[in-house]
Amino acid sequence: MLLSAAIPALAGTVVTSPVNGATVSSPFTLTMSADTCSSLPVSEVGYSLDNSTQTAAFAGQTMNGPVSAPAGTHTVHVKVWNDQGSICVTDVGITVGGSTAFSAIVPSSAASVSQIQVVGSWTQIHDGGTPGSSYGAMSIVSSPSLSGAARLFNTSMSYYGGQRYSAQFADDTTSQNFFYDTWVYVVGNTSGFSNLEFDLNQTMSNGETVVMGFQCDTWNGTWDAAVNAGSPTAFNDTWAHTGAACNTHNWAPNTWHHVQVWYSHDTSGWVTYHAVWFDGAEQALNATLFSGYELGWGPSVVTNFQIDGASSGTTSAQVVLDHMIVYRW
């Protein structure tokens, strides 16, 4: 593409995130919008880093997605083009501290499964642990999407009902450390649901299933961790409220959010929830809880994603997951 010489950006360009001078982890979310450039309508937006000749460009007037950059100081050149081909540039200076949520925790020898959102084993069911009723439909969508193939969960819930979506993606019975990583996008608004649940379940070598359940609990304003308050054969499912704050109604809609969770377990079903990251911000958990079950499962590693209704009436929600990856070692 032949572009005219860069001219200073006018008020039509608004960069919401990151702000100038921010310290971020990688990848960070670049959020911007622009309606005009040199008083003409914007038709394309994009960005480049530092002195790179590579520019990522997208049709439209907004960007809201991840950008990867190595540790150190950088200049993000946020670029917009009007319908006459003129370019306006806004520079944002940032410092990348590295992806602490990954590089300092996950060993290079860890096994991983990426793009779990597109595997063919996804199923769904109303969660009998919730009241009321629920119904769900799933589809692979190219928009909104980061990878070009995201999974949309279209859910209807009555009287606080919850719909559970599940996918088996491995059969490893020996790994004891897990790092869960996904991007979440709420379409429209967050009023239709109360909790979002991000689980991993694994059949251990002793034949029991360890449930590493984790949810953003809007009712209590915390991240919650799953607990078996009974025994593997006479179980009592419940949740422990951690000291980490979370409220789904505070998650900006129509925006990609990054959720990462680090947990491990012993061979008896005791799970340690180490930390959670939301949009790169870490909250320590350091909670060890029993969560072993005798379910009669064969070897499997399963992820659950659950959406719980927010009222005694009927509500709906559209939530999208993309770039879902699980590391284990």
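Here are some friendly notes on the cores, pockets and a few backbone details of this predicted model.

1. Ground rules. The model is predicted, so local features need pLDDT of at least 70 and side-chain atom pairs count only at pLDDT 80 or more, while totals for chains, interfaces and linings use all residues. Residues are numbered from 1 along each chain as its sequence is written, and side-chain values use heavy atoms, with hydrogens and water left out.

2. The largest nonpolar core. This core has 48 residues, and F198, W223, W251, Y263, Y273, F305 and I307 touch the most other members. Strand β27 (residues 314-328) gives the largest share of this core, five residues. Apart from it lies another core, of 21 residues, with F28, L30, V45 and L49 among them. A nonpolar core here is a set of buried Ala, Val, Leu, Ile, Met, Phe, Trp, Tyr and Cys residues joined through side-chain atoms within 4.5 Å. Strands (E, at least two residues) are DSSP runs, numbered from the N terminus.

3. Y273 in detail. Not counting residues up to four places away in sequence, Y273 touches V211, M212, G213, F214, A225, A226, W262, Y263, L285, N286, A287 and L289. Contact means heavy atoms within 4.5 Å.

4. The largest pocket. Its volume is about 790 Å³, the space filled by probe spheres set on grid points that are joined across faces, edges and corners. A pocket is an open set of points on a 1 Å grid over the protein atoms alone, where a 1.4 Å probe fits, with protein on both sides within 12 Å along at least five of seven lines; lining residues have an atom within 4 Å of a point. There are 31 lining residues, of which D127, R164, E197, D237 and Q306 lie nearest the centre. Two or more lining residues come from each of β15 (162-170), β17 (193-203), β20 (222-228), β21 (237-245) and β26 (301-309).

5. Q306, beside that pocket's centre in the list above. Q306 sits in strand β26 and counts as buried because its relative accessibility is 2% (buried is under 20% relative accessible area, exposed over 50%, partly exposed in between, with a 1.4 Å probe and protein chains only). Its side chain makes polar contacts with the side chains of D127 at 2.8 Å and D308 at 2.9 Å. A polar contact is a pair of N or O atoms within 3.5 Å; within protein, one must be able to donate a hydrogen and the other to accept it, and residues adjacent in sequence count only if both atoms are side-chain atoms.

6. The second largest pocket. This one holds about 480 Å³ and is lined by 21 residues, with T62, M63, N64, G65 and S145 nearest its centre. Strand β8 contributes the largest share of the lining, six residues.

7. N64, a residue of strand β8. The side chain of N64 makes a polar contact with the side chain of T31 (3.0 Å) and reaches the backbone oxygen of N254 at 3.3 Å.

8. Backbone points to look at. Cis peptide bonds, with omega about 0°, join S17 to P18 and S143 to P144. P18 is in the loop between β2 (13-17) and β3 (22-24). Phi is positive at S39, near 70°, and at D279, about 50°. S39 counts as exposed because its relative accessibility is 63%, whereas D279 is partly exposed at 38%.

Terms used:
Helices (H or I, at least four residues) and strands (E, at least two) are DSSP runs, numbered from the N terminus.
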